[in-house]
Amino acid sequence: MGFLPCKIESSKFVSSRSYFIYSTIVMIVYMVFVVYSIYEINFIGLEVMDVSGYIHYNIIMILGLLSLIFAYVSNRSAVRVLQRVSELSRILSPSNFSNLAKWFYTKSIIMMIPLLVYIPRLANVSVSISLYTFLGILVLNNLYTYNVMVLKACFQQINKSLVQVREILINDQPHLLRRVYHTQENPTLLIKLRNLKKQHYEISQVVQILNDVFGRQNLTTITILFISVTYNLYIYLVLYTEKGRIKQWFSFIIMYIAYHTVHLILIVWAAESAKSQLPKIGTNIHRILIHTFDKEVTSELEMFSLQVLQTDNTFSARGLIIDATLLTKVLSSIATYLLILIQMLLVKPC
């Protein structure tokens, strides 16, 4: 779709001039059609849509355009993020990476299937542009979510390695010989701990870069989902209740609202699951400290623990922290608006 003007050379993501030209052409064409689509719906379609429809459509198209422009402006940074994540993912085993890839492909296919209902209506310019905008946001959300999931797997691998170090210290040698064993194995343990500390530091850097590159896009996406869901709740609630089609309204709630909410849930779930690995790293470090007597190993573990405490691995969107609290606030706000709308419809006019 022109968002990532890159190619793979020697297992590395590198920027491509030809793909960048293609990306620029796609963005220019898209902007032209967005402008035409906005003109068409505001001036040609005056008789088929009320004022709230104009407002909703214009907001969604403008925010969608901004989201895709942000993606275009930061596409070179996104390529660098992909390369960094690709380098970090080498610490994962082939089986773990294969399982991640299968999950990514399966999730993408499932999320694309409902959009096939728009194919018969693609002859309409406004519908086509709306679908492209929605697809673009979906692809960018998937890209962010998948990168976060890979980082989560890297944090998990660090935890597994720390657990293995602890098990070696506890189980590999008899208790009476443990001090001698620690002295003999000191260089190996130090090298492994330093590698793990370096990996943790590199992952933390990528988290910050990921927040910078995808921050504006995620904030725009959350805004679009909130406005779109709230507006459509209002429109369809009024439309179907006036015509006595309550069953159709509830079916719409299940399909449309659930589909949009799933996007936000997956983003929050990926961020929360990655964040949940961080306290485990600190805990595993202190569990190793209990079973070592070497001063150098102890000093390395303490430095590692200090690095974990001082590193901010929060996933955010321009100051808006992506966590379960955000999901709760968005869903509770939507539920509040829904209750207000229902109460307004139940009140009979005088």
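Helix H4 (94-112) gives the most to the lining of the second largest pocket, with seven residues, where helices are DSSP runs (H or I) of at least four residues, numbered from the N terminus. The elements that give two or more residues to this lining are helix H3 (75-88), H4 and H5. The pocket has a volume of about 600 Å³ and is lined by 21 residues, of which Phe13, Leu82, Phe97, Phe104 and Tyr146 lie nearest its centre. By class, the lining has 15 nonpolar, five polar and one charged residues; Ala, Val, Leu, Ile, Met, Phe, Trp, Tyr, Cys and Pro count as nonpolar, Asp, Glu, Lys and Arg as charged, and the others, Gly among them, as polar.

This is a predicted model, in which local features need pLDDT of at least 70 and side-chain atom pairs count only at pLDDT 80 or more, while totals for chains, interfaces and linings use all residues. Residues are numbered from 1 along each chain as its sequence is written, and side-chain values use heavy atoms, with hydrogens and water left out.

The structure also holds two cavities of 30 Å³ or more. On a 1 Å grid over the protein atoms alone, a cavity is a set of points where a 1.4 Å probe fits but cannot get out, whereas a pocket is an open set with protein on both sides within 12 Å along at least five of seven lines, and lining residues have an atom within 4 Å of a point. The second largest cavity has a volume of about 50 Å³, and among the residues that line this cavity are Phe3, Leu4, Ser74, Leu140, Phe214 and Gln217. H5 and helix H7 (186-242) are the elements that give two or more residues to the cavity lining, and H7 gives the most, with three residues. The lining of this cavity divides into eight nonpolar, two polar and no charged residues.

Leucine 116 is found in the loop between helix H4 and helix H5 (125-171), and leucine 116 counts as exposed because its relative accessibility is 52%; buried means under 20% relative accessible area, exposed over 50%, and partly exposed in between (1.4 Å probe, protein chains only).

Tryptophan 269, by contrast, has its place in helix H8 (residues 246-275) and, at 39% relative accessibility, counts as partly exposed. The C-alpha atoms of tryptophan 269 and alanine 324 are separated by 7.7 Å, although these residues stand 55 residues apart along the chain.

Definitions and conventions
Points joined across faces, edges and corners; volume = space filled by probe spheres on them.
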